[in-house]
Amino acid sequence: MMDLESLLMLIVTDDIMHAKFLNTLSLQENIGARKISASETLETTSCMVLKHAAEEHRHAFYLKKQMERLIPGECPTYRPDYLLAPFSSKYYLNKLDLETSRYLRNTLFLKGAELKFAAYLLVTYAIELRADLLYSIYQKVLHMEGSRVSVRSIILEEQGHLEEMIVQLKIFSPDWEHHAKQITAIETHLYVDWIKDLAIEVYALKNARENF
Ligand SMILES: [Fe+2]
Ligand SMILES: [Fe+2]
């Protein structure tokens, strides 16, 4: 598998591909925001949860606006042909959610509001670790290429989310690190599959353009 930095370099140096990538990240942020809202219950919706949902919605909007500045009107919606690797980009989040809930049901016998809240904490924890890595490398590539796009304001908020999840996970269980390790292992598999599909599509688009 090619490394992430080289893959992002290929994406950032092609405006149309870059627009689709921003749109794909925007979709993932939007799915994340919708998942937070879906996991809310009257017993667990705190100020932190509301702030978190609002910030993930803002990330989706912000990325879409960055994309609009790059090429106006190129990808107005999240239709599959406006995205990169649309299937696995969605599958990554949906499958992680499903697998985490299954883990919590089968090993900790959680259900109802408790299950929803624990799944929210662990899924977010795994995703924020990934986001920290992905957005940092992406920002580095944007800087190297002198791009007008920046994701710095997102990185700061994602770091805040990670810290909040750790605080909540410590309250959730003294064994939280053990559970988190199981979930990050699942996440790593899904992430590798997603990047593989992303690389396949980026190469296909690049080849098609060069042979045109
Ligand atoms: Fe986010
Ligand atoms: Fe976040």
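**Salt bridges and an iron site**

Lys196 and Asp193 form a salt bridge, with the closest N and O atoms 3.8 Å apart. By salt bridge I mean a side-chain nitrogen of Lys or Arg within 4 Å of a carboxyl oxygen of Asp or Glu. This is a predicted model, where local features need pLDDT of at least 70, side-chain atom pairs count only at pLDDT 80 or more, and totals for chains, interfaces and linings use all residues. Residues are numbered from 1 along each chain as its sequence is written, chains are lettered from A and ligands numbered from 1 in the order written, and side-chain values use heavy atoms, leaving out hydrogens and water.

Back to the pair. Both residues lie in helix H7 (residues 176-210), three residues apart, about one turn of the helix. Helices are DSSP runs of H or I, at least four residues, numbered from the N terminus. Lys196 is partly exposed at 41% relative accessibility. Partly exposed sits between buried, under 20% relative accessible area, and exposed, over 50% (1.4 Å probe, protein chains only).

Glu99 bridges to Lys95 at 3.5 Å, and Arg102 meets Glu99 at 3.5 Å, N to O. The structure holds twelve salt bridges.

Now the metal. What coordinates the iron ion (ligand 1)? Glu29, through two OE contacts, Glu56 (OE), His59 (ND1) and Glu158 (OE), at 2.0 to 2.7 Å. Donors are N, O and S atoms within 2.8 Å of the metal (3.2 Å for Na, K and Ca); water is not among the atoms, so sites may look incomplete. Glu29 lies in helix H2 (residues 15-39) and His59 in helix H3 (residues 47-70), so the pair ties together parts 30 residues apart in sequence. Glu29 and His59 are buried.

Terms used
Helix = DSSP H or I, 4+ residues; strand = E, 2+ residues; numbered from the N terminus.
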